[in-house]
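Here are my notes for your first read-through. Keep the model open and check each point as you go.

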Amino acid sequence: MELKGKLARYIDKGVEFLGLIKDESHIMPLDISNNMNEFIVNFTRFSKVLNTQNPLISLSDVRLLAPIKSPLQDVICLGINYMEHAVESMKFKKENFDGKREEAVYFGKRVNEFSASGDTFCNTNLTKQLDYEVELAVIIGTDARNVSENDTHSHIFGYSIMNDISARDLQLKHKQWYAGKSLEGACPLGPFIVLRDSIDVTNLNIRSYVNGELRQNSNTSKMIFGINYVISELSHYFTLKAGSIISMGTPSGVGMGFNPPKFLQSGDVVKCEIENIGEIVTYIK
């Protein structure tokens with residue numbers, strides 16, 4: 001089944017809906033639940049709603065939410081999956097790096113609820129080393145178990161943008177990354193889910209800005225471990241359930257990579273963008 005289009009979750013007059021983006025300025029409500037996870041898991045049954053012709057609504061009249069309210073499981077993240085980021089990460093931690101990445105690094109990120117573009121992240125003084133990471137998020141559409149690299153595409157539902165907000169001092173304090181990656185509200189996602197057959201994500205510009213200053217500027221073609229490899233490898237370890245989210249790592253240019261580091265401060269504005277997907281903006285307080 002071919003999957004094309006761009007999905008969003010939004011509020012109109014106080015009511016949440018799922019919608020299909022029809023052009024740059026309009027959205028069409030879908031006659032289904034407002035639960036994106038339910039839509040993904042049951043897509044074979046619900047897919048016909050994408051072909052309906054409901055009246056269009058101006059995007060200027062609604063408020064876009066994160067396309068998924070909450071993940072069904074912890075988000076699966078890739079660590080240091082761009083070579084230049086691996087270099088800056090090891091330098092920050094004062095560790096030697098031999099320039100080789102023979103195995104992917106996976107970790108989990110606890111997310112109770114995704115933040116939307118335009119939301120504010122409130123730092124409660126748990127960290128003094130708050131950082132940003134623009135990443136390509138992959139949403140799994142059908143259960144994947146023992147899948148070959150050549151067969152991964154049919155298990156993908158779509159793609160989005162994630163800001164993997166990170167507390168570097170907590171990462172170092174606990175040795176494992178789970179706590180430092182999982183502060184409440186530290187996972188903006190969106191603004192849309194671009195369905196898998198609408199886009200080729202292997203060669204997209206990926207960037208982040210802080211207060212308008214370009215910080216990260218790379219391309220998804222520079223990922224060390226690609227999407228097909230990652231889905232295949234993980235599916236041999238465990239079943240990747242429909243609705244699972246994999247975040248594919250961030251390029252160099254994060255705050256800890258500068259000398260001195262440029263960690264986020266109250267009043268900062270972070271913009272993450274990926275070509276042909278969109279952008280998400282987060283305000284720091």
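1. Is Tyr-10 buried or exposed? Tyr-10 has a relative accessible area of 0%, so this residue is buried. Bear in mind that the model is predicted.

2. Now look at the rings. The whole structure contains seven aromatic pairs. One of them joins Tyr-10 and Phe-17. Their centres are 5.5 Å apart, with 20° between the planes, and the pair is stacked. Phe-17 has a relative accessibility of 29%, so Phe-17 counts as partly exposed.

3. Turn next to Phe-39 and Phe-43. Their ring centres lie 5.4 Å apart. Why is this pair edge-to-face? The planes meet at 70°, and an angle over 60 degrees counts as edge-to-face. Both Phe-39 and Phe-43 are buried. They also belong to a cluster: ring pairs link Phe-39, Phe-43, Phe-46 and Phe-157.

4. Two lysines deserve a look. Lys-262 places its charged end over the ring of Phe-258, 4.5 Å from the ring centre. Lys-271 lies over the face of Tyr-209, and here the distance to the ring centre is 4.8 Å.

5. Then the nonpolar cores. In soluble globular proteins, nonpolar side chains tend to be buried together. The largest core here has 43 residues. Which of them touch the most other members? They are Tyr-159, Ile-227, Ile-246 and Ile-277. Several elements each supply at least two residues of this core, among them strand 6 (75-79), strand 10 (134-140) and helix 6 (227-237). A second, separate core holds 30 residues, including Leu-7, Ile-40, Met-162 and Ile-193.

6. Last, the cysteines. How many disulfides does the structure hold? The count is zero. A disulfide is a covalent bond between the sulfur atoms of two cysteines. The cut-off for a disulfide is 2.5 Å between the sulfur atoms. Cys-77 is buried, at 0% relative accessibility. Cys-272 is in no disulfide either. The nearest cysteine sulfur to Cys-272, again in Cys-187, is 11 Å away. Cys-272 is buried too, with a relative accessible area of 0%.

Methods: Residues are numbered from 1 along each chain as its sequence is written. This is a predicted model: local features need pLDDT of at least 70, side-chain atom pairs count only at pLDDT 80 or more; totals for chains, interfaces and linings use all residues. Side-chain values use heavy atoms; hydrogens and water are left out. Rings of Phe, Tyr and Trp (its six-membered ring) pair if their centres lie within 6.5 Å; planes under 30 degrees apart count as stacked, over 60 as edge-to-face and the rest as tilted. Buried means under 20% relative accessible area, exposed over 50%, partly exposed in between (1.4 Å probe, protein chains only). A charge sits over a ring if NZ of Lys or CZ of Arg is within 6 Å of the ring centre and within 35 degrees of the ring normal. A nonpolar core is a set of buried Ala, Val, Leu, Ile, Met, Phe, Trp, Tyr and Cys residues joined through side-chain atoms within 4.5 Å. Helices (H or I, at least four residues) and strands (E, at least two) are DSSP runs, numbered from the N terminus.
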